[in-house]
Amino acid sequence: MNIEDEINLLLEKVNKKQISVNNFEKELTEIIKRYLKEVDEID
Amino acid sequence: MKLTEKYLLKIRNIGGIKGSKNFELKMNHLNVLLGQNSKGKSSVAKALMLVNGMDQEIIKGLNQIKVQEANNLGLVLEKGNLRAGIIHAEADFAEVELKNEKILKQIKLKKNGEIEIYNIDNTNFLITSVLTPSSWIFKAVSNPSDIKNESIFSYYISKLNTNIELLKGIEDIFNKNLSVLNQKLIEFKKQKSTIPTIKKELETLEKEIKKLKEERDNYIKSLETNKNNTLKKQIEDLKNKLKNKTDEREEKLKYIQILRKNIEKLKTEIYNNKENINKLEKQRENLINRKKELQKQILSFNREEINSKIEELNKKRYELQGLTNIFYSVLDVLKNENDVLCPVCGIGHINSEITSKNLQNLKNQIENIEMQIRELTNKKLDIEIKEKEEKNIDKQIEDINREINNSIGTINSLELELNSREIDLKNEEEKLNELNDDIFKLENILKENNPEIINKINELSYKIEIKSKEYMEKDSKLKLSGFVEYENIRMDLDIAIKKFEHLIDLIQKSKKKIENIREEAKKKIIDDFNSLISRILSETKLSEFKKIYFDGNYVLNVQYIGLNNQIKTMQPYALSESERVLVSLIFLLVLNKTFANNKSIIIIDNIYEYLDKLRENEVFQFLENYAQSEGVTILITKTDNTDDLIITNWEKR
């Protein structure tokens, strides 16, 4: 799944009130890290 | 009235009331507190506000909105003992108790500033259940420029949809991320802009070194040789050797510099890992000590004994409660008589005073038992929390041990690498020394005939060495410039810039989506809130208002029906005082219905005086209907000629 889809999925959770602000922050940070690590692996 | 139908309010030394006074409020009805001016009506109202609304958040100053409202309503202790405040001027303390069959709330205020409360927790009572001319509601309706009061409107209205707060939180997180990512992107771009300069400097250095080497080679070539052919050949060999050795020494120097850097880096990594282990060991020691302490407390707790005590106390409480019901029935039989024949045995007599006294004793016993049960239950809860903490500590210790082992493994492999690098360095340095000796010998041989040239060659070699070092420093800087680190992730600079730009774009788009959803939700909750206002307004049957509503910016508007049925839309501050009171009253009921976490009591003080006297029946009837249909007990103060303060039930006249 690409980063756009991952963030959209997260927004979907917000829309359905399935996620708290704290968990949203954690999940967003993880998504960003995973996306940046892809760079690391290519390297 | 039975305790199931009323609240008992006991007041002592509040405001203008010196000593004790008891009142009864009929539950789920409109109660009118009558009295002459300055007889203490507002003190009774304040007592009721204190015992319902003065929670820890106000006492400890944790919630500014609530603290502000307590100040507005005059519930906060006066500083100094000279002026009369919420505590009577001649008293050292004030007390209020409110109870019915199900609840008991108490508050004690001392002149030294101490406040003790019982059963008054986490309430927004003052904000949602009180209306006086000093309440924020009345101020917000009357004064459009008071932004603080307006913001309480939006605060409460936005609470109608919990998703609004979530969406606001998400927007804040997007903003936080955007700020960090943008800042990093600027840093990356700045780093990128330095690369061409370093490259240019490297090119210049390279040219300079090349030139110096050529110059030195020319000097080596120009070394004078003897005319003797054999010797000439030997000298030529020596010159070649000197050139090769000098080149070799430069390569060696470069390699040694790299090795030294690697060794330094390895040593730093080992040091950091050791520091981390020290830190973790300290954490582990603290956790072990805490665990021992917890275990000691858990072991000393006898759960079975506590459970059986609670069971025993509960049994006793049920028995006593059964008995109180009998006493209530007996008092019902007695009604207004002091002494009657017992209806059960028909022989003995029952006395009203003795029965009431015994009933009070029974209730005191029940209160005492309930207090013991609460204490024991709290002890049980405390131990359960400690057991959870103990389990959590085990998990934390496991994690720490794992981390320590990982760090030890890392240190071992780093130390192995360090050893091998140090051996390499030693070997290379030995080889360099040998080379230096060889060069020295060669130069000595050649020096006899060419002392000045050899000095020149040495001078040039030294210059080359310095420039080469500089070149290597810059080269490693260039290599580092090509990479960046974020959250311990090492990335190629160009790719990082692209990824960060993409991320920023994505987050900005996502933030926009959330903003749109929030705007929609805000519109919906304002609509919902306006429907609630309309519903209450229609129930009041007030003929002068067609509609009271909030616009998209949380500004309150009123559609007023004027002369000739003309409808004017205006903000409520433009209305007359009595009309503003009515708008505030409607707003109070909507807030109370929607947000009060304990919507059992509403207090309306000093408002009657603002009402149009012709409207009294209309308004009071509506409040009575509202109290009955919503299960709310309402107290309204009203100036009257009665000698003493009394609370009566309102009846339509």
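First, the conventions. This is a predicted model, in which local features need pLDDT of at least 70, side-chain atom pairs count only at pLDDT 80 or more, and totals for chains, interfaces and linings use all residues. Residues are numbered from 1 along each chain as its sequence is written, while chains are lettered from A and ligands numbered from 1 in the order in which they are written.

Let me turn to the composition. Helices (H or I, at least four residues) and strands (E, at least two) are DSSP runs, numbered from the N terminus. On that basis chain A comes to two helices and zero strands, and chain B has 14 helices and 17 strands. For burial, a residue is buried if 20 or more other C-beta atoms lie within 10 Å of its own, exposed if 12 or fewer, and partly exposed in between, with C-beta atoms placed from the backbone. Of the 43 residues of chain A, 12% count as buried; in chain B, buried residues make up 22% of 653.

Contacts come next. Two residues are in contact if their C-beta atoms, placed from the backbone, lie within 7 Å. Among the contacts in chain B between residues at least 6 apart in sequence, 73% join residues at least 24 apart.

Now the helix pair between the chains. Axes are lines fitted to C-alpha atoms, for helices over the stretch in contact, and angles run from 0 to 180 degrees between N-to-C directions. Helix α1 (residues 3-15) of chain A and helix α12 (residues 493-540) of chain B have axes that come within 11 Å and cross at roughly 20 degrees. α1(A) is therefore roughly parallel to α12(B); angles under 35 degrees count as roughly parallel, over 145 as roughly antiparallel, 65 to 115 as roughly perpendicular and the rest as oblique. The crossing of α1(A) past α12(B) is right-handed. By definition a crossing is left-handed if the near helix is turned anticlockwise from the far one by less than a right angle, and right-handed if clockwise. From α1(A), the residues in contact are Ile3(A), Glu4(A), Ile7(A), Leu11(A) and Asn15(A), and from α12(B) they are Leu506(B), Ser510(B), Lys513(B) and Ile517(B).

Within chain B, helix α9 (residues 303-334) and helix α10 (residues 352-447) have axes that come within 9 Å and cross at roughly 155 degrees. These two helices, α9(B) and α10(B), are therefore roughly antiparallel, and α9(B) passes α10(B) in a left-handed crossing.

Is helix α1 of chain B buried or exposed? Of the 13 residues of α1(B), 13 are buried, so α1(B) is largely enclosed by the rest of the structure.

I move on to the strands. Two strands pair if DSSP finds at least two bridges between them. Chain B holds an open sheet of five strands in the order β2-β1-β4-β5-β6, with antiparallel pairing. Its edge strands, each pairing on one side only, are β2 (20-26) and β6 (115-118) of chain B. Neighbouring strands of this sheet are turned by 10 degrees against each other on average, direction ignored. Within it, β4 (residues 93-99) and β5 (residues 104-110) of chain B pair over seven bridges in the antiparallel sense, and Leu98(B) has Lys105(B) as its bridge partner in β5(B).

Further along, strands β10 (residues 483-486) and β11 (residues 489-492) of chain B run antiparallel and are joined by four bridges. Phe483(B) stands opposite Asp492(B) in β11(B). The two strands β10(B) and β11(B) form a hairpin with two residues between them.

I close with backbone angles. Most residues other than glycine have a negative phi. Glu487(B), in the hairpin turn, has a positive phi of about 50 degrees; with 11 C-beta neighbours inside 10 Å, Glu487(B) counts as exposed. Asn119(B) also has a positive value, near 65 degrees, and lies in the loop between β6 and α4 (125-128) of chain B. Having 13 C-beta neighbours inside 10 Å, Asn119(B) counts as partly exposed.
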